[in-house]
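Hello,

Here is the structure I promised to pass on. My notes on its salt bridges follow below.

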Amino acid sequence: MKILLVEDEKRMAQALCQILRLEKYEVDHCADGLSGLEAIETDIYDIIILDVMLPGMNGFDIAGKTRQKGIRTPILMLTAKCELDDKVIGLDSGADDYLTKPFMTKELLARIRALGRRTINSSDGTLTFGDIKLDAGLATLICTTNEQRVRLSEKEYKILEYMISNQGQILTREQLAVKIWGFESEAEYNNVEVYMSFTRKKLAFVGAKTVIKAVRGIGYELRCEDV
């Protein structure tokens, strides 16, 4: 799971990044509102942890602009503000949850897990598209027409998870590289092509009609035909 933390307090940000990475989350950090909104607009994150009092743009405005742009990523407001009116403003602006400082690490992680579950498209913890289903617990691809299944590597799973979550959209090589490998990675676009090839072979192996189509000069799209 990929998390964006928008927090200007240096020590708090360092502590949160360390906690989240120990829990095996991928974390990117922005220290001001404008860079935070710019990162959010890439739409590559599974959860956004957003402080309210930020230089450049406050968290309420960031949440509002995020929703105006049609980005539905779950937002957890993390702030020292504890008045009821502030909580109402945060939730009305588009936040999904609200946690005030100081807080217990266990509670923060529980809130993140709860928000993470909202990104799953069905009650049994799977993602579906066309005639395929992803089982998150087993990292397995399943063809729903014949129940053929195959294990996926971490990168293959992330590719299909991202494409299913953005079904109907053409995803660029840059979007895929950043989402799968991260901003800090030195992965090149040919890495995307290599793992796309691996993933296509897994789809063919289970006999799925769902395919990954290359859109010339743009990127890739998930399509399902003749189901």
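Lys101 and Glu7 pair through their side chains in a salt bridge, 3.0 Å from N to O. (A salt bridge here is a side-chain nitrogen of Lys or Arg within 4 Å of a carboxyl oxygen of Asp or Glu.) Lys101 sits in the loop between strand E5 (97-100) and helix H5 (105-117), and Glu7 in the loop between strand E1 (2-6) and helix H1 (10-22), so the pair ties together parts 94 residues apart in sequence. Helices (H or I, at least four residues) and strands (E, at least two) are DSSP runs, numbered from the N terminus. Both Lys101 and Glu7 are buried. Buried means under 20% relative accessible area, exposed over 50%, and partly exposed in between (1.4 Å probe, protein chains only).

Lys101 also meets Asp51 in a salt bridge, at 3.7 Å from N to O. This pair links distant parts of the chain, 50 residues apart: Asp51 is in the loop between E3 and H3, Lys101 in the loop between E5 and H5. Asp51 is buried, as is Lys101.

Next, Lys69 and Glu41: their side chains form a salt bridge of 3.2 Å, N to O. Lys69 lies in the loop between helix H3 (59-68) and strand E4 (75-79), and Glu41 in the loop between helix H2 (33-40) and strand E3 (47-50), so parts 28 residues apart in sequence are tied together. Lys69 is partly exposed, at 49% relative accessible area. Glu41 is partly exposed too, at 36%.

The whole structure has 14 salt bridges. A network of them links Lys2, Glu26, Asp28, Glu154 and Lys158.

This is a predicted model: local features need pLDDT of at least 70, side-chain atom pairs count only at pLDDT 80 or more, and totals for chains, interfaces and linings use all residues. Residues are numbered from 1 along each chain as its sequence is written, and side-chain values use heavy atoms, leaving out hydrogens and water.

Best wishes
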